[in-house]
Amino acid sequence: MASQPSKTLETFENPNPERDFHIHMEIPEFTCLCPKTGQPDFATLYLDYIADQKCVELKSLKMYIWSFRNEGAFHEAVTNSILNDLVAATQPRFMRLTAKFYVRGGIFTNVVAEHRKPGWEPQPLVDLTAFAHQSNTR
């Protein structure tokens, strides 16, 4: 196997740091293990951020997400841990990670964690388009 899971998040220079622009990613195959039972937990992660000087590189993000597959973690802890690692790597102006875990024992769990760079204020909203969930699915 050429690729292996990794906790290393690579970045690249923001091509337009003078502008706030919304980067939206949907990660439908997140898996970790329940720390109580060892059974797999599945989630779709939604990453939304406004970069400052760096953006996260997609292949490294894929390998990073893969690294949780055999780790036990509570939903709240793993969501915040992922956000912390992404913020440490990219130092964004704003970042929100939404984790929508699939049903377990009749309960869906959604966890939303945010980071806002001190002093950063969003531009006034001009809502011309919205990203619908599964918008990239054909």
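In which sense do β5 and strand β6 pair, and over how many bridges? To find out, select residues 107-116, which form strand β6, together with its partner β5. The two strands pair in the antiparallel sense, over 9 bridges. Please note that the model on display is predicted.

Glu114, in β6, is the bridge partner of Arg96. Proceed next to the turn, where 2 residues lie between the strands of the hairpin. Select Gly105 here: this residue takes a positive phi near 65°.

Now turn to another pairing of β5. Select strand β3, residues 40-50, and strand β5, residues 94-104; they pair in the antiparallel sense over 8 bridges. Within β5, select Ala99, which stands opposite Leu45. While viewing these strands, the reader may recall that in a regular strand the side chains alternate between the two faces of the sheet.

Select β2 (22-33) and α1 (58-66), each of which supplies at least two residues of its lining. Which element gives the largest share of the lining of this pocket? That element is β2, with 6 residues.

Note on methods
Residues numbered from 1 in each chain as written. Predicted model: local features only at pLDDT ≥ 70, side-chain atom pairs only at ≥ 80, totals over all residues. Heavy atoms only, no water. Helix = DSSP H or I, 4+ residues; strand = E, 2+ residues; numbered from the N terminus. Pairing = 2+ DSSP bridges.
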